[in-house]
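Hi everyone, thanks for coming.

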Amino acid sequence: MSKPPKLAKFLLKILSSNEKDYAFLGDIQELFHDRAEYQGLWRSKRWYWWEIIKSIPKFFKESIRWRLTMFENYLKITLRNIKGHKGYSFINLAGLAVGIACTIFIILWVQDELSFDRFHGNAGSIYRVVFSTSDDGSPTNANGSFGVGPALKRDFPEVKEIVRIRKMGQGVKRYIGYKDKKYYETRFFFSEPTIFSVFDFPLDKGDPTVALDEPNSIVLTEEMAKKYFGNEDPMGKTIEADPYNDGEIMLFRITGIAKNVPSNSHFRFDFLASYRSMKEDTDEFSGFYQHFTYALLQGDKTSAESLNGKLMDFLHRNWRENPWYTISLQPLLDIRLHSRLKSEIEPTGNILYVYIFMAIAVFVLIIACINFMNLTSARAIKRAKEVGIRKVVGARKNQLVRQFLGESLLLSLFSASAAVLIVIIALPMFNKLTDKGITFVSLTNPSFFFNTVAIALVVGFIAGIYPAFFLSAFKPIHTLKSRMGYSFSGAALRKGLVIFQFALSIGIIFATLIVHKQMNYIRSRDLGYDREQIMVIPLSKDLRQIYEGFRNELLKDPGIENTTTSSLVPTRGSAHLSFRFEGNEELLSQAIYLVDKEFIQTYGLKLLAGKNIQLPASQDQNMEFLVSELTTQEAGYSSPQEAIGKSLDLEGDKGHIVGVVNDINIYSLHRQPYSISYMITSINNHNYLSVRILPQNISRTIEYIQETWKKMVPYYPLDYFFLDESFEQMHVADKKMSEIFTVFSILAIFVACMGLFGLAAFTADQKTKEIGVRKILGASASNIYVLLSREFLKWVTLANIIAWPVAYYAMHKWLQNFVFRVNIGGEIFILSGVVALVISMLTVSFQSIKAAVANPIDSLRYE
Amino acid sequence: MELLTKLEELVLIAVLRLKDKAYGISVYKHIVDLTGNEVSVSSVYFPLERLVRKGYLQTSMGEPTSRRGGMSKRFYKLTKSGIEALQENRSLHETAWNGVSDILKSSEEV
């Protein structure tokens with residue numbers, strides 16, 4: 001007998017879903033055979049195909065109608081389930097909502113980190129010229145010398161444009177004044193006019209092509225225009241400034257107003273003065289300044305790589321045979337997250353933190369998903385009857401899977417909307433925590449919407465897939481016959497999930513404890529100098545001239561112990577010179593501090609050998625030096641005492657060591673201490689006045705200093721900072737990190753506890769009858785409590801054992817970031833375990849005690 | 001009352017006529033013979049099922065045969081409400097046409 005076309009028949013079988021459709025299938029086949037007898041096979045096959053094609057839209061319409069009907073039913077059941085079990089639903093929804101909100105926040109944070117400098121149209125073709133003083137030529141400095149930029153443009157056709165900028169005062173603010181408005185500013189730059197063609201910094205007013213052409217012209221941001229000029233039009237007005245901080249006021253004519261620089265730029269300026277206003281010779285190759293060179297290249301990445309290869313020759317050709325630094329090109333887009341150079345314009349981020357936070361987001365989300373899986377499958381028993389009935393009236397397994405999956409998707413979409421609400425409410429707090437400026441506007445971005453929906457769908461799917469299969473696998477005969485037993489399958493998996501969840505939480509607690517320990521260590525570490533109660537005032541020309549009088553006036557106050565002036569202060573940069581010490585042929589690089597004789601006393605340095613320096617250095621006599629202990633070691637002296645009297649050579653000038661002091665950390669604890677040499681010079685080489693004040697009555701002392709300043713230096717406002725704050729500032733990224741860590745770890749633990757709470761409630765509920773019987777047979781409340789809590793105790797203990805090694809390894813890695821770091825002591829292990837244990841026991845106890853003290857009569861009447 | 005479509009009405013009448021031999025193919029063939037149009041099987045089948053859903057028809061299954069690829073026949077029979085629906089539609093039909101034939105005739109004369 002002839003057969004209908006297989007493919008067509010197969011198609012029809014897919015479409016049809018029940019016996020009435022099979023009847024249709026049979027009818028068609030019967031007619032096919034009838035036709036085949038009188039029409040021939042080929043024509044009847046064509047007829048068969050045609051019949052099926054025409055039936056497809058009708059089947060389709062039918063199935064949609066059915067789906068809609070079922071969907072209505074599913075929706076009704078879902079809502080009923082939410083309403084009927086408010087407690088569980090709240091835990092499920094709130095857990096997921098907090099989890100999703102955490103993830104959204106972290107995505108916002110990561111997006112912001114990744115968006116740095118991408119707003120420039122040329123972003124992909126801009127490179128920064130970075131400098132290296134290391135032997136292997138790997139970049140060490142973001143800053144460098146003046147002359148490299150223009151020579152690069154001259155020598156290489158692939159360099160389309162060069163822009164050089166110079167920041168004035170790394171650490172010392174610069175004076176700016178217009179009429180009676182006088183302030184100190186931190187973001188004052190000299191810049192070449194090309195800054196507007198290489199980068200995208202749009203001007204509100206003024207012509208970007210000529211704004212910075214003339215000497216003594218300046219562009220300021222909107223914000224600064226408002227600050228100094230209010231509603232006046234600043235264009236063409238003249239402001240005064242002291243960019244070199246030498247007391248010589250320079251006048252600048254305003255030629256442009258720039259839009260405020262976005263917060264996701266690796267450098268931000270407030271003032272851009274024209275490059276030609278600078279006093280230095282800007283073709284010089286020697287010497288590093290707070291000076292940065294950017295190149296706009298032609299072509300793709302390979303042109304930067306090939307250019308990198310030619311840069312050594314370039315230095316030989318343009319500078320000298322034996323250069324003491326080398327240069328290379330760094331992509332602009334690498335600066336924010338992948339650059340770890342000295343003298344960055346602003347602190348950079350760290351790709352490590354991006355990874356860590358993404359990991360935390362995933363962890364919190366996993367914890368929330370596990371809650372959902374556990375609670376849903378634990379409660380499955382309550383819905384077993386529904387599953388049974390549905391199966392009896394003809395639901396197929398995949399229909400049930402779809403129903404439960406759909407339910408969890410719906411719930412997670414619910415949670416996602418709650419999460420968005422949380423994000424909107426908590427956004428200002430989040431911005432404060434992370435120092436970001438994420439606005440509500442960025443939440444209206446379509447990508448934000450799609451991300452959120454995508455997260456919700458993924459979460460709903462992951463959280464729902466297991467309960468869906470678990471529930472739909474119930475055999476109707478078991479579920480309908482009687483109540484299901486307590487020991488239904490899936491308990492083992494659930495246990496595993498809870499343990500995993502707690503292992504994650506313990507890991508996060510562990511990490512938080514380590515981060516806090518390290519932060520405390522940083523705060524309290526002895527840096528070799530006494531950083532408390534030192535007030536630092538930048539010196540100006542006026543103050544230098546009257547310093548002795550000013551100092552005497554200050555010392556009259558009983559709250560002021562001593563004052564000193566120096567070229568630099570710790571935390572605010574360093575200058576380096578090459579020394580040759582007696583008995584050592586090598587040149588040793590030393591950080592050089594130009595000070596006065598009060599320095600070591602004011603800063604609390606300890607004299608390890610010899611005596612303090614007394615005489616100002618001058619070239620016609622043997623100069624006196626104080627050196628750090630590290631210097632004596634590098635020079636090869638066996639003890640500080642041995643170093644006394646040794647001669648040294650400083651680029652031709654002669655000197656000798658009169659004293660040795662202890663080492664100090666002038667930078668953050670991420671770095672090794674430098675070896676430092678101190679010499680006395682005249683105050684004209686000094687930039688800072690440091691005032692040591694007594695801890696009593698600080699505010700009164702500051703008031704006194706302010707009054708004295710007003711009296712003696714009337715032209716300038718007083719600007720000062722405290723050294724300990726400045727030190728904290730260097731660890732601000734670490735501090736932020738520790739704060740963010742704390743917040744998210746609390747959230748993670750909170751979500752995990754919610755799940756545990758739900759599970760404990762469920763267990764107690766399941767065992768109501770058992771508890772009742774036990775109590776009647778004489779069990780005490782404490783027996784019952786132990787019975788209910790024992791299990792959870794076991795889980796948390798096991799979770800500890802899993803979490804410890806992983807967390808130890810991860811945090812050990814993180815600590816490698818610091819030169820000075822804490823040990824991961826045993827107390828961290830114990831504490832993280834105990835914290836998790838206590839929190840979980842508190843959570844569980846609430847339910848256990850409730851069940852334990854309940855009257856057995858109520859529990860036995862339970863059925 | 002609920003109005004039946006023309007096709008539904010024809011299908012119901014066919015099921016009534018075919019008595020206990022009314023199943024997919026016989027109804028289909030009847031309609032094709034009656035109208036002379038070679039419509040598709042599914043365009044008869046779906047109205048049949050719609051009438052089952054509305055409660056005008058009830059079904060019973062026959063024995064599967066190999067000629068049908070192992071599928072059973074699905075026999076249809078009018079329910080009480082199906083019969084009522086047919087009656088109502090018919091009287092509606094008659095009321096609607098009442099007197100119209102005279103006008104039709106007279107318009108032919110013009």
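I'll go from the overall picture to a few local details, and then to the place where the chains touch.

One thing to keep in mind from the start: this is a predicted model.

Let's begin with chain A. It has 863 residues, and 39% of them count as buried. In terms of secondary structure, chain A holds 28 helices and 23 strands. Along its principal axes, the C-alpha trace spans about 120 × 85 × 60 Å. How does the radius of gyration of chain A stand against that of a compact globule of 863 residues? The globule would have a value near 29 Å, but chain A has 37 Å.

Chain A is also split into domains: domain 1 covers 6-81, domain 2 covers 145-324, domain 3 is made of 351-523 + 731-860, and domain 4 covers 534-723. If you take the centres over C-alpha atoms, domain 1 and domain 3 of chain A are separated by 46 Å. And if you look at contacts in chain A between residues at least 6 apart in sequence, 82% of them join residues at least 24 apart.

Now let's zoom in on a helix. Find α5 of chain A, residues 148-155. Which of its residues are buried? They are Val148(A), Gly149(A) and Leu152(A). These three sit on the same side of α5(A), because they cover an arc of only 100 degrees around the axis. Here is a handy rule to go with that: an α-helix has 3.6 residues a turn, so residues three or four places apart point the same way. And what do the buried residues of α5(A) pack against? Their partners are the strands β1 (126-132), β2 (159-167), β11 (291-297) and β12 (326-331) of chain A.

Next, some strands. In chain A, β3 (residues 174-178) and β8 (residues 238-242) run antiparallel and are joined by three bridges. One pair to click on is Gly177(A), whose bridge partner in β8(A) is Glu240(A). β8(A) also pairs with β9 (residues 250-258) of chain A, again in the antiparallel sense, over four bridges. There, Thr238(A) has Arg253(A) in β9(A) as its bridge partner.

One more stop in chain A: Leu409(A), which lies in helix α13, residues 397-434. Setting aside neighbours within four places in sequence, Leu409(A) is in contact with Leu457(A), Gly460(A), Phe461(A) and Gly464(A).

Over to chain B. It has five helices and two strands, and from the N terminus on they run α-α-α-β-β-α-α. Of its 110 residues, 28% count as buried.

Finally, where do the chains meet? 15 residues of chain B are in contact with 16 residues of chain A. On the chain B side, α2 (24-35) and α3 (42-54) each supply at least two residues. The biggest giver is α3(B), with four residues. By class, that side of chain B has five nonpolar, five polar and five charged residues.

How values were computed: Residues are numbered from 1 along each chain as its sequence is written. Chains are lettered from A and ligands numbered from 1 in the order in which they are written. This is a predicted model: local features need pLDDT of at least 70, side-chain atom pairs count only at pLDDT 80 or more; totals for chains, interfaces and linings use all residues. Two residues are in contact if their C-beta atoms, placed from the backbone, lie within 7 Å. Ala, Val, Leu, Ile, Met, Phe, Trp, Tyr, Cys and Pro count as nonpolar, Asp, Glu, Lys and Arg as charged, and the others, Gly among them, as polar. A residue is buried if 20 or more other C-beta atoms lie within 10 Å of its own, exposed if 12 or fewer, and partly exposed in between; C-beta atoms are placed from the backbone. Two strands pair if DSSP finds at least two bridges between them. The arc is that of the directions from the helix axis to the C-beta atoms. Domain bounds come from an automatic or database domain assignment. The radius of gyration is taken over C-alpha atoms; the globule rule is 2.2 Å times the number of residues to the power 0.38.
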